[in-house]
Each structure stands twice: as structure tokens, then as C-alpha cells.
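Colleague: I would like to learn how to read helix packing from a model. Could we work through a case together?

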Amino acid sequence: MERLQKVIASSGVTSRRKAEELITAGKVKVNGEVVTELGTKVTDKDRIEVENVLIAKEVKEYYLLNKPRGVVTTTSDDKGRKTVVDLIPTNARIYPVGRLDYDTTGVLLLTNDGDFANILMHPASEVEKVYMAKLKGIIKGEQINALKDGVKLDDQVVKPSRVKLKKVDPKTNTCMVQITIHEGKNHQVKRMFESVGFEVLKLKREKEAFFDLKDLQSGEFRKLTPKEVAKVYGLQK
């Protein structure tokens, strides 16, 4: 069940605030009856009319995208760049859950379900995000320990739950490091490595919660299964 004003807003008829005004003004009917109480709960089976016009309820959609480089994580871009929403052919008003930088690749979820998105982004859910970073230079144990002890970003100390050196290439003076975080601060992983003296050359999110890329190639996507959606709702605290 969802609040009536939220369902009206989700249908695209009007904003939530305007929907609330219409409800209190007696211009909304549920199953033929005028409803004026804000917060009234409705289900998918209820017939909702706004100013005597039946609304079409928005079907919830859920996608997992392997975000490629050079695509912005937003629904529109004033510079005319391709967005992650452009990669998924749907008429639903989907949007990305959280964000990945323009040059960062990997796991990105998109949906038109606000509750689903909020669960994944809320700090209380403690959703793990696993990244693979290619660094300029070769990180040492003392710098990894400094990361584990916590670094200060935006007046807050953040700590990764895991940091692991995966590969070293002395010829190119680079290394691959896997890092797992729970927060979602702007440019967080890049800034964490910068704080211990390393530039991130490439960054890929390999996993978010229990979602990983499996066989998805760059730019490819798939719909989530009902079981996966239910599993996300099970993270709610």
C-alpha cells in the first residue's frame, strides 16, 4: 500500500504537493468516493480519479546496468552528454540509484521505485560497494593501513571495510586494489586514495549489495527479478 498523493505524483499527473492540494480540495476519488484525507493508503487495485480523469499507475521497473566510461549518471545533461537513462529503452521515468563518476564504470542500479532506491542509499542499510581501482604507483602496507584506520573527508572520518592489493605491475608502475566501502560520498574512493598519495587511473564498481556484473558487458543491462527486488526490501531496517 502507498500514500494516495505519492501514487498520483508517480503517475506523472502532477507533483506530490499539487496532489495534496487536489486531495484536500475534494478533487480526487478512490473507487468512486471523494477522498480528502492526506495520507490515505491505496493499492494497485484501487481506481483513482483526479478531477474526474482516471490515472494510469506507473509500473515499477528495476534495472542493473554495467555503466560504461563517458556516460553521466543522471537523467538529463545540460551539456548534451549521453546519460545512463539513455542506455535503457523504456518509457518509465527511471533514475539512477546513487551515482558513478563520468569515467567510472560498473554496477549501477536504476529504477522508478523511490522506496527501493532509498533502502539501498540509506546509511542504516549498510550496503557494501566493492570497487577495483587501478592506481598510479604501487601502494604499500603502511598506506593500506592508513586507509583502514580511516581518512578524513568532509570533516568526517571514513573507513573502508576491506582493502586488498590484488596485482602489481612494476613495468608500468601501477597496481590494482580492491576496496569495499559502505558510504556514498562524492568521489569517495578517488579521494580516499588521494589522501594517502595515490591517483586513481581507472575505477570500476564490481558489486553493490548482492548485485554484480556477471556476464554483463560494458553498456549492457538486465531487468532485476522479483526475488532480487524482494531481497532489497529485506535490507530495510
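Colleague: Which elements do the buried residues of H3 pack against?

Modeller: This is a predicted model, so read each contact as a feature of the prediction. The buried residues of H3 pack against strands S7 (62–67), S8 (95–96) and S9 (105–111). Helix H6 (226–233) is another partner.

Colleague: Which residues of H3 are buried?

Modeller: Helix H3 spans residues 114–121, and its buried residues are Phe116, Ala117, Ile119 and Leu120. Look down the axis of H3: these buried residues fall within an arc of 160 degrees, so they line one face of the helix.

Colleague: Why do residues three or four places apart point the same way in an α-helix?

Modeller: Because an α-helix has 3.6 residues a turn.

Colleague: What happens at the start of H3?

Modeller: Check the side chains there for an oxygen that reaches a backbone nitrogen. A side-chain oxygen of Asp113 comes to within 3.1 Å of the backbone nitrogen of Asp115.

Colleague: Let us turn to a lysine. Is Lys190 buried or exposed?

Modeller: Use the cut-off: buried means under 20% relative accessible area. Lys190 has 16% relative accessibility, so Lys190 counts as buried. This lysine lies in helix H5, residues 188–195.

Colleague: Which side chain does Lys190 join in a polar contact?

Modeller: Look for a pair of polar atoms. The side chains of Lys190 and Asp103 are joined by a polar contact of 2.7 Å. Beyond its neighbours within four places in sequence, Lys190 also touches Asp101, Thr104, Val200 and Leu203.

Colleague: Last, the whole chain. How many of its residues count as buried?

Modeller: Of 237 residues, 42% count as buried. The chain has six helices and 17 strands. Take contacts between residues at least 6 apart in sequence: 62% join residues at least 24 apart.

How values were computed. Residues are numbered from 1 along each chain as its sequence is written. This is a predicted model: local features need pLDDT of at least 70, side-chain atom pairs count only at pLDDT 80 or more; totals for chains, interfaces and linings use all residues. Side-chain values use heavy atoms; hydrogens and water are left out. Helices (H or I, at least four residues) and strands (E, at least two) are DSSP runs, numbered from the N terminus. Buried means under 20% relative accessible area, exposed over 50%, partly exposed in between (1.4 Å probe, protein chains only). Contact means heavy atoms within 4.5 Å. The arc is that of the directions from the helix axis to the C-beta atoms. A polar contact is a pair of N or O atoms within 3.5 Å; within protein, one must be able to donate a hydrogen and the other to accept it, and residues adjacent in sequence count only if both atoms are side-chain atoms.
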